[in-house]
Amino acid sequence: MKNRELYIPIIISVALTALAAAVCYSISKPAALLCAVLGIMLIAVFAIYTVKRYRAISDLNDYLSLVCAGNYDLALGDNTEGELSILQNNLLKVISTLKTQNEVITEDKTYLADSLADISHQLKTPLTSMLVVSELLEKEEDESKRREFTEIINTQCGKMSWLIQTLLKLSKLDAGTAEMNEDELSVCDVIESSLSPFLITLELRNIEVKKRINDFTFTGDRNWTNEALQNIIKNCIEHTDDGGRLTISTDETTVYKRILIRDNGCGIAKEDLPHVFERFYHGKNSSSESVGIGLAFSKSILSKENASLSVTSEENEGTEFEIKFYKSII
């Protein structure tokens with residue numbers, strides 16, 4: 001009887017039953033007895049159902065205490081009709097949402113820790129190289145050697161700069177703070193501008209570029225789309241031997257507009273294909289200079305533009321990247 005909401009109504013009911021029985025007693029003893037019995041029965045029924053209801057509320061409270069402690073793998077009793085059942089169902093919905101969010105937060109923490117470890121490793125390599133070379137540079141008197149060491153430092157600085165800028169852009173995409181324009185772009189113009197930074201490299205390495213482009217327009221951001229295509233083209237060039245071939249073609253169906261970028265290089269191992277777009281993943285055919293972030297960056301950009309990026313490849317035959325711009329979001 002610790003709950004005032006329970007014992008105060010019972011005390012009042014007992015008092016009213018006694019008063020009613022006393023009034024009935026002045027009329028007749030059987031009427032007083034009947035009034036007393038009915039009153040006691042009603043009080044007992046009220047007490048039983050009220051105690052049962054409060055016990056159910058207490059069970060819900062204990063359950064919520066366990067949930068607050070992080071135990072989401074508990075089950076409530078069977079549902080019955082009534083307000084408590086509605087409350088129980090709503091609690092289950094809230095707890096299910098909290099459980100899902102807790103799992104997402106845990107996964108994000110694990111991913112963040114892994115990413116920081118990968119980033120630290122990627123930055124450590126050029127930093128170590130620069131420190132070693134700078135020490136040699138201080139002691140080196142040969143001018144040609146000094147120029148060589150300076151060039152190595154500049155190269156490593158360039159790699160670090162690219163990595164940091166790409167990671168910052170990826171962070172913006174992940175956080176949803178990147179500004180993405182929705183312009184009507186010509187696929188021909190986008191491909192030409194994406195190829196332009198590599199023209200000298202392609203010429204020096206005698207890599208042939210074949211273009212089979214049927215021009216079409218699609219909605220996207222020119223700068224971000226260029227970044228996505230440049231990373232794909234860069235990957236193809238890195239895995240193509242001198243004198244190789246790079247093929248870029250486009251086509252269109254009733255459902256999507258497509259860009260195909262294919263090389264005839266070393267290809268991707270079958271076991272590596274499912275992981276190609278994972279950040280910092282290095283397959284067995286990866287270049288020693290590869291950071292393992294470019295393709296993940298491209299996929300993130302294209303996903304923001306409601307486009308898809310997929311890859312097919314066979315070792316020693318080449319790799320093909322397929323970009324689809326859907327005519328309607330599916």
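1. A quick definition before we start: two elements are in contact here when heavy atoms lie within 4.5 Å. In that sense, the buried residues of α1 pack against α2 (29-68). Please keep in mind that this is a predicted model.

2. Let's stay with helix α1, residues 4-25. At 1.5 Å a residue, its 22 residues should span 32 Å, and the end C-alpha atoms are 31 Å apart, which agrees. Leu6, Ile10, Thr17, Ala21 and Cys24 are the buried residues of α1. They cover an arc of only 60° around the axis, so they sit on the same side of α1. The face turned away from that buried side carries the exposed residues Arg4, Glu5, Ile11, Leu16 and Leu19.

3. Now for the aromatic rings: the structure holds four aromatic pairs. Together, Phe216, Phe218 and Phe325 form one aromatic cluster.

4. Two lysines are worth a look on screen. Lys299 lies over the face of Phe277, 4.9 Å from the ring centre. Lys324 lies over the face of Tyr256, 4.4 Å from the ring centre.

5. Most residues other than glycine have a negative phi. Asn306, however, has a positive phi near 60°; this residue is in the loop between α8 (294-304) and β6 (307-314). Asn306 counts as partly exposed, at 43% relative accessibility. Asn316 also has a positive phi, near 70°, and is found in the loop between β6 and β7 (318-326). At 68% relative accessibility, Asn316 counts as exposed.

6. Finally, the cysteines. How many disulfides does a search of the whole structure find? The search finds zero. Cys157 is partly exposed, with a relative accessible area of 35%, and Cys188 is partly exposed at 26%. Cys24, by contrast, is one of the buried residues of α1.

Note on methods: Residues numbered from 1 in each chain as written. Predicted model: local features only at pLDDT ≥ 70, side-chain atom pairs only at ≥ 80, totals over all residues. Heavy atoms only, no water. Helix = DSSP H or I, 4+ residues; strand = E, 2+ residues; numbered from the N terminus. Buried < 20%, exposed > 50% of the residue type's maximum accessible area, 1.4 Å probe, protein only. Expected span 1.5 Å × (residues − 1). Arc of directions from axis to C-beta. Disulfide = S-S within 2.5 Å. Phe/Tyr/Trp six-rings, centres within 6.5 Å; stacked < 30°, edge-to-face > 60°. Lys NZ or Arg CZ within 6 Å of the ring centre and 35° of its normal.
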